[in-house]
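The plan is to look things up element by element and jot down what turns up.

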Amino acid sequence: MGVALGDVAAAAGVSVSTVSRVLGGRGAVAQATRDRVEAALETTGYARSTLLARTPARLVAVCPPAEPEHWQIDVCREVALQLQAEGLLVSVPFLDPAGAEVRASAAAGAAVVVTPTFTSLETDLPVVRFAEAALGAGTPARGAEAGGRRAGAAPGSERIAARIDLTGGLTLAFDHLAALGHRRIGLVCNDTGDLADMLAQRFRAEHPARAASSRLGEWIAAVPKSHAGGMEAADRLRDATCTAVIVQSALQLYGVFAAMRQRRLVVPRDLSAVGFGDSVTMRYTGPPATVLALDTPGMAAALAAGVRTVLDLPGARLPSIAPTFRPRLVARESTTAVRR
């Protein structure tokens with residue numbers, strides 16, 4: 001029976017993906033780790049096919065989360081197109097909870113993982129991702145250190161391509177709604193995920209009524225990311241006397257609109273709504289949705305620069321200080337002055 005990659009990995013005390021990267025000459029591997037793998041190759045007698053020539057890093061795993069927001073899909077599409085135009089191969093594994101798709105990409109020779117998420121990943125591959133803008137000044141988000149690395153990760157294993165100013169985005173939404181007379185503003189967010197946790201935390205910290213009301217907890221509806229979840233949240237927040245809501249997911253926003261119609265109420269007359277992230281569909285909802293729009297081309301360009309930095313490729317690289325992207329408010333017809 002021949003020697004498999006798993007045998008070499010066990011002998012070297014590393015993962016199969018690390019052995020694959022050493023064999024293919026792909027990605028960054030510490031010299032001490034490379035030495036252990038090469039020693040294990042010799043001691044196990046692993047015979048590498050002469051058909052598998054050593055190649056430069058050419059495969060990049062562009063990973064949307066398992067349940068992506070529409071803006072994350074747009075960013076993944078943009079960065080994949082840009083990297084392919086530069087001659088790189090791209091796989092698009094989802095970040096499933098078990099990490100099976102990412103491991104499969106690593107075994108296939110992926111040199112780096114790039115993802116429009118805020119979460120550290122448990123992988124031996126270098127990771128290029130986003131972080132919240134407030135990380136450098138406050139408490140790190142769950143699972144990440146202020147510098148952008150997970151606890152115990154090797155230096156340089158994660159690169160923060162850009163910071164997303166969630167606080168600034170919520171402030172824009174609050175300012176817009178407050179100018180229309182709204183004070184009882186609710187939040188509809190996902191019931192799982194780091195982004196939902198960050199939004200809820202920032203919602204409590206930035207809410208214009210935070211000093212005067214003890215009801216902020218009632219004004220946060222953490223529900224499944226679904227049409228039904230949005231309907232449930234709208235009913236709950238409307239019953240809690242909210243006159244406006246900020247909504248994390250497009251599916252939830254559609255559910256908010258449907259719940260109001262079901263109750264024979266009208267958006268925005270009876271409930272104003274602001275969505276998070278823009279897309280073509282947001283312009284054709286009933287009514288067209290006011291949103292916190294994100295610069296998806298700019299965010300994709302930042303992730304692509306992170307890939308070039310990690311792989312030492314020509315073209316724009318990451319600056320010494322990662323750029324910060326703040327959402328901009330696009331006012332459409334789903335918000336109006338509060339009813340007196």
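**Ground rules**

I am working on a predicted model, so I keep in mind that local features need pLDDT of at least 70, that side-chain atom pairs count only at pLDDT 80 or more, and that totals for chains, interfaces and linings use all residues. Residues are numbered from 1 along each chain as its sequence is written, and side-chain values use heavy atoms, with hydrogens and water left out.

Two strands pair if DSSP finds at least two bridges between them.

**Entry 1: the parallel sheet**

I traced an open sheet of 6 strands in the order β2-β1-β3-β4-β5-β11, with parallel pairing. Its edge strands are β2 (89-91) and β11 (324-325), and each pairs on one side only. I then zoomed in on β1 (residues 59-62) and β3 (residues 112-114), which run parallel and are joined by 3 bridges. Val-62 has Val-114 as its bridge partner in β3.

Which helix packs on this sheet? I found α10 (residues 296-311), which touches β1, β3, β4 (127-132), β5 (158-164) and β11; contact here means heavy atoms within 4.5 Å. The direction of α10 makes about 135 degrees with that of β4. For such angles, axes are lines fitted to C-alpha atoms, for helices over the stretch in contact, and angles run from 0 to 180 degrees between N-to-C directions.

**Entry 2: the mixed sheet**

I also traced an open sheet of 6 strands in the order β7-β6-β8-β9-β10-β12, and here the pairing is mixed. The edges are β7 and β12 (328-330), each pairing on one side only. From one strand to the next, the twist averages 20 degrees.

I checked β6 (residues 185-190) for burial and got 6 of its 6 residues buried. Buried means under 20% relative accessible area, exposed over 50%, and partly exposed in between (1.4 Å probe, protein chains only).

Strand β6 pairs with β8 (residues 244-247) in the parallel sense over 4 bridges, and Ile-185 has Ala-244 as its partner in β8. Another 4 bridges join β6 to β7 (residues 220-223), again running parallel. Cys-189 stands opposite Ala-222 in β7. The chain gets from β6 to β7 through α7, and I logged this β-α-β crossover as right-handed; that is, with the strands pointing away from the viewer, the path from the first strand over the helix to the second runs clockwise.

Next, β8 pairs with β9 (residues 272-276) over 4 bridges in the parallel sense. Ala-244 finds its partner in β9 at Ser-272. Helix α9 (residues 250-262) packs on this sheet and touches β6, β7, β8 and β9, with its direction at about 155 degrees to that of β8.

**Entry 3: the ring pair**

How many aromatic pairs does the whole structure hold? My search returned 1. The rings of Phe-174 and Phe-203 have centres 5.7 Å apart and planes at 50 degrees, so I note the pair as tilted. The criteria: rings of Phe, Tyr and Trp (its six-membered ring) pair if their centres lie within 6.5 Å, with planes under 30 degrees apart stacked, over 60 edge-to-face and the rest tilted.

Phe-174 sits in α6 (residues 166-179) and Phe-203 in α7 (residues 194-206), so the pair ties together parts 29 residues apart in sequence. Phe-174 is buried at 3% relative accessibility, and Phe-203 is buried at 0%.

**Entry 4: helix α4**

I ran a length check on α4 (residues 70-85): its 16 residues at 1.5 Å a residue should span 22 Å, and the end C-alpha atoms are 23 Å apart, which agrees. The expected span is 1.5 Å times one less than the number of residues. The buried residues of α4 include Trp-71, Val-75, Val-79 and Leu-83. Just after α4, Gly-87 takes a positive phi of about 95 degrees.

**Entry 5: two single residues**

Is Ala-10 buried or exposed? Ala-10 lies in α1 (residues 5-12) and counts as exposed at 62% relative accessibility. Its C-alpha atom is 8.7 Å from that of Ala-40, 30 residues away along the chain.

Thr-324 belongs to β11 and is partly exposed, with a relative accessible area of 48%. Not counting residues up to four places away in sequence, Thr-324 touches Ala-133, Arg-163 and Asp-165. Thr-324 and Ala-302 are 22 residues apart in sequence, and 10.0 Å apart from C-alpha to C-alpha.

Key
Helix = DSSP H or I, 4+ residues; strand = E, 2+ residues; numbered from the N terminus.
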